[in-house]
Amino acid sequence: MNKIKFLLFVGVATCTLAAHAQQNIERLLPSFATLENVKVTESIDNGVWSQYEAPFYSVLIENAPIEMIPTWLVDSLITAFEKELPLATESDRYQKHSEQGDTLSFTLAYNGTINPAENKSRLNVMNHHYSQRITAAAALDIENKTLRFHYNKIGKVKGRIWAPTEHHHGSLLDIFHEIAQDGQSKVVPVSYDINDGNGSGDWEYMNSHYGYVRRHGKRIEVPKDKADDLFQRLFAAIIESSQTQDTFSCSLTCNEANIAFGKQWSGEVFCLRRLKDGRVFILHVEKPDKPCDLAIPHNWHEVDRISRLK
């Protein structure tokens with residue numbers, strides 16, 4: 001009887017640990033939305049490229065000066081990683097003191113492996129490597145007063161950085177047409193065509209499956225007096241689409257939002273960008289008539305036309 005009770009206790013304890021694993025980190029993610037001077041990127045791939053049955057969720061902070069992050073949040077992240085060390089399948093904690101500064105590094109893998117063999121499928125994030133089919137992976141590096149953080153998970157998270165609002169914003173295409181037709185916005189046709197194999201450049205989106213690109217659409221420059229309101233409206237609508245659509249990839253920062261639909265970005269694409277001077281640009285690239293690649297330059301707010309045709 002005592003043995004049975006012990007086994008039941010172990011089973012319940014194991015389930016409790018599994019249920020709480022990663023929550024120490026995930027509960028802090030919504031706080032990242034307050035980091036206005038730090039670039040935080042939140043991404044979701046729901047069946048576009050990943051082979052997972054659930055969404056692949058990712059958060060990334062690269063090389064952020066630690067003085068730009070509130071002390072309470074830095075301390076909370078360190079505490080969260082300390083609590084997660086025994087909950088992960090594999091974990092590593094490294095600390096070093098030197099004249100150049102202190103280093104503190106955590107690496108966590110859930111149902112996966114840290115630093116798999118070179119010949120194995122790997123998930124590479126910054127200088128951390130994991131076996132590809134993980135449940136979740138996380139790392140926190142604080143070195144020379146610089147912070148780097150990543151969190152990757154297969155499946156939904158407890159708290160998104162940028163969460164959807166309760167208000168229904170309508171379809172992205174309807175909102176785009178409404179803004180384009182208001183008579184005050186500057187609308188420019190765009191065309192990105194490549195069939196000579198020259199895929200060099202700095203791309204916001206780029207894939208090369210068919211060997212040629214035929215992507216057309218429109219770009220809107222929003223009047224400054226409407227820029228902030230329309231940015232918030234489109235930003236919320238993109239988040240809403242990332243909750244309701246079946247196949248998409250979405251990337252969000254405090255000043256940008258991009259979403260592409262369809263397997264291998266075969267459908268429509270919407271890009272939203274706010275510049276430092278307050279100007280806001282919106283891009284809509286239509287779904288092509290027949291399957292082709294996608295190529296959207298990183299500086300799409302400046303580039304109207306790419307023509308690399310033989």
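The protein has 5 helices and 17 strands, where helices (H or I, at least four residues) and strands (E, at least two) are DSSP runs numbered from the N terminus. This is a predicted model, in which local features need pLDDT of at least 70 and side-chain atom pairs count only at pLDDT 80 or more, while totals for chains, interfaces and linings use all residues. Residues are numbered from 1 along each chain as its sequence is written, and side-chain values use heavy atoms, with hydrogens and water left out.

**Exercise 1.** Determine what share of the residues is buried and what box the C-alpha atoms fill.

*Solution.* Step one: buried means under 20% relative accessible area, exposed over 50% and partly exposed in between (1.4 Å probe, protein chains only). By this criterion, 48% of the 310 residues count as buried. Step two: along the principal axes, the C-alpha atoms fill a box of roughly 75 × 45 × 40 Å.

**Exercise 2.** Characterise the packing of helix α4 against helix α5.

*Solution.* Step one: axes are lines fitted to C-alpha atoms, for helices over the stretch in contact, and angles run from 0 to 180 degrees between N-to-C directions. The axes of α4 (residues 172–180) and α5 (residues 224–244) come within 10 Å and cross at roughly 160 degrees. Therefore α4 is roughly antiparallel to α5, since angles over 145 degrees are classed in this way. Step two: contact means heavy atoms within 4.5 Å. Leu172, Ile175, Glu178 and Ile179 of α4 meet residues of α5, namely Leu230, Arg233, Leu234, Ala237, Ile238 and Ser241.

**Exercise 3.** Describe the surroundings of Asn152.

*Solution.* Step one: Asn152 is located in strand β8 (residues 146–154). Step two: its relative accessible area is 3%, so Asn152 is buried. Step three: beyond four places in sequence, Asn152 touches residues including Phe56, Tyr57, Leu123 and Val125. Step four: the Asn152 side chain makes a polar contact with the side chain of Ser58 at 3.0 Å (a pair of N or O atoms within 3.5 Å; within protein, one must be able to donate a hydrogen and the other to accept it, and residues adjacent in sequence count only if both atoms are side-chain atoms).

**Exercise 4.** Is Ser191 buried or exposed?

*Solution.* Step one: Ser191 belongs to strand β9 (residues 186–194). Step two: its relative accessibility is 17%, so Ser191 counts as buried. Step three: leaving aside residues up to four places away in sequence, Ser191 touches Arg215, His216, Asp304, Arg305 and Ile306.

Methods
Angles under 35 degrees count as roughly parallel, over 145 as roughly antiparallel, 65 to 115 as roughly perpendicular and the rest as oblique.
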